[in-house]
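These are my notebook entries on one protein structure. I set down what I looked up, topic by topic.

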Amino acid sequence: MSTEVKVPTLGESVSEATIGQWLKQPGEAVALDEPIASLETDKVAIEVNAPVAGVLGQQLAAVGDTVTVSAIIAVIEEGAAAAAAPKAAAPVAAAVAPAPVVAAPAAAESSDPAVLSPAVRRAVLEYGIDPATIKGTGKDGRITKEDVVAAAQTKAASGAPTVPAAVAAPANERREERVKMTRLRQTIAKRLKSAQENAALLTTFNDVDMSAVMEARNRFKDSFEKKHGVKLGFMSFFAKASVLALKDIPAVNAQIQGDEIVYHDYVDISVAVSAPNGLVVPVVRDVDKMSFAGIEKAIADYGKKAKEGSLTMADMTGGTFTISNGGVFGGLMSTPIINPPQSAVLGLHRIEDRPVVRNGQIVIRPMMYIALSYDHRIIDGREAVTALKTIKEAIEDPTRLLIDL
């Protein structure tokens, strides 16, 4: 008896997706609710789970195909799992006859090129790393791009050549690789281009002395982590400072809908997170009501889910303001693009020691450039500059965060 595998509900207003990768191949045993395929929608990756246990039969859609909700993409043959499992395990049993047969861990399966994501495949080729030697940290032990980069750095530190001599390309060989854009990357491109075309974008800059925040963090980080189970980072300080600015300047937290301006009495902050398939912006809701620990936990959870590819549509929906931290990649300055339909985005950058004047004396301080890009149709220059100045003052004197000033 066979059971059809159908595309599940993808989320509000989402009717189609792209087959990102097959996690199981025809003839392989699958367990009930085990992920067998990954779908890419305009916002997130969604796994398709097996509705029954058995053996995966025919795949009715290939990687890259566009499929709609309820479309049949594969069939599972029931009752064949028991027969299929010994065949797959036989070579293992022969190789290690004295020991009981043990199913291969998910991490080993993830090294199969058939289940590596396009980003991971490109990284493997670029760094010349054998995926079989990498322990995956993604969901179910899958290898992420970060795992490949870390393996390459470890190999380089050990002095071993990154690309094996046997497969090293000739020095004069020029190669090209053509890879189809993922649905997520296509959507990112369309949204960013749309933001440039439909909004009157402008960016204002300032710099921030991070001394006070760094001192507070160094002083309390150990006790904070011990009490709350999460590290104290800089994002919670900037989120809290942003709340002050958005409450003082409501236009920065508003958005245009048709010929109306919608003002929000709440603050839902989209936090830009780097995921294997591109930049995603999950939403931390009601930040104005959250503690530092609550904000840090929410951001940490989203970071983990983004790395695993388990963000949901609900995680990505909404948001009234965005914070993007390019500083983690070493960026000194940038002009971030707003996340429509939002009207403003705060860009953070790297911290570096620079000479500044304090009380008539030249001193060295840890400084960061911050940028606020905004839609000039709804936010005036004075409002944007004032909002950014409020954030700067709150970071330079964190006491303001406690007394709401």
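**Entry 1**

I began with T320, which counts as buried at 2% relative accessibility; buried means under 20% relative accessible area, exposed over 50%, and partly exposed in between (1.4 Å probe, protein chains only). I located T320 in the loop between α9 (313-316) and β16 (321-325). Helices (H or I, at least four residues) and strands (E, at least two) are DSSP runs, numbered from the N terminus.

I then listed the contacts of T320, where contact means heavy atoms within 4.5 Å. Leaving aside neighbours within four places in sequence, T320 is in contact with V252, N253, H264, Y266, V267, D268 and Q342. The side chains of T320 and N253 are joined by a polar contact of 2.6 Å. A polar contact is a pair of N or O atoms within 3.5 Å; within protein, one must be able to donate a hydrogen and the other to accept it, and residues adjacent in sequence count only if both atoms are side-chain atoms. I also noted that 9.1 Å separates the C-alpha atoms of T320 and N339, which are 19 residues apart along the chain.

**Entry 1: Basis of the values**

I recorded that this is a predicted model, in which local features need pLDDT of at least 70, side-chain atom pairs count only at pLDDT 80 or more, and totals for chains, interfaces and linings use all residues. Residues are numbered from 1 along each chain as its sequence is written, and side-chain values use heavy atoms, with hydrogens and water left out.

**Entry 2: The chain as a whole**

I found 11 helices and 18 strands in the protein chain. Of its 405 residues, 41% count as buried. Among contacts between residues at least 6 apart in sequence, 63% join residues at least 24 apart.

**Entry 3: S270**

Is S270 buried or exposed? I found that S270 is buried, with a relative accessible area of 0%. S270 lies in strand β12 (residues 269-271). Beyond its neighbours within four places in sequence, S270 has contacts that include V281, P282, G318, G319, N339 and Q342.

**Entry 4: The nonpolar cores**

A nonpolar core is a set of buried Ala, Val, Leu, Ile, Met, Phe, Trp, Tyr and Cys residues joined through side-chain atoms within 4.5 Å. The largest one has 79 residues, of which I73, F238, V287, L346, I370 and I395 touch the most other members. Helix α7 (residues 235-248) gives the largest share of this core, 9 residues. A second, separate core has 8 residues, including V120, A123, V124 and I134. In soluble globular proteins, nonpolar side chains tend to be buried together.

Apart from neighbours within four places in sequence, its contacts include F238, L346, L388 and I391.

How many residues of α7 are buried? I found 12 of its 14 residues buried, and the helix is mostly covered. Among them are F237, F238, V243 and L244.

I then turned to helix α10 (residues 381-396), which has 16 residues and reaches 22 Å from its first C-alpha to its last, close to the 22 Å expected at 1.5 Å a residue. The expected span is 1.5 Å times one less than the number of residues. The buried residues of α10 include A384, L388, I391 and I395. The buried residues of this helix pack against β9 (201-209), α6 (211-228), α7, β17 (344-358), β18 (361-375) and α11 (399-403).

**Entry 5: Strand pairing**

Two strands pair if DSSP finds at least two bridges between them. I noted an open sheet of 4 strands in the order β1-β8-β6-β3, with antiparallel pairing. β1 (2-6) and β3 (29-30) stand at the edges, each with a single partner strand, so one side of each is left without a neighbour in the sheet. Strand β6 (residues 54-59) and strand β8 (residues 72-77) pair in the antiparallel sense over 3 bridges, and V55 stands opposite E77 in β8.

Strand β2 (residues 16-22) is mostly covered, with 6 of its 7 residues buried. Between β2 and strand β4 (residues 35-40) I found 4 bridges in the antiparallel sense; in β4, the bridge partner of W22 is A37.

**Entry 6: Backbone details**

I looked up the peptide bond from P340 to P341, which is cis, with omega near 5 degrees. P341 is placed in the loop between β16 and β17. S70, a residue other than glycine, has a positive phi near 75 degrees. S70 lies in the loop between β7 and β8 and counts as partly exposed at 47% relative accessibility.
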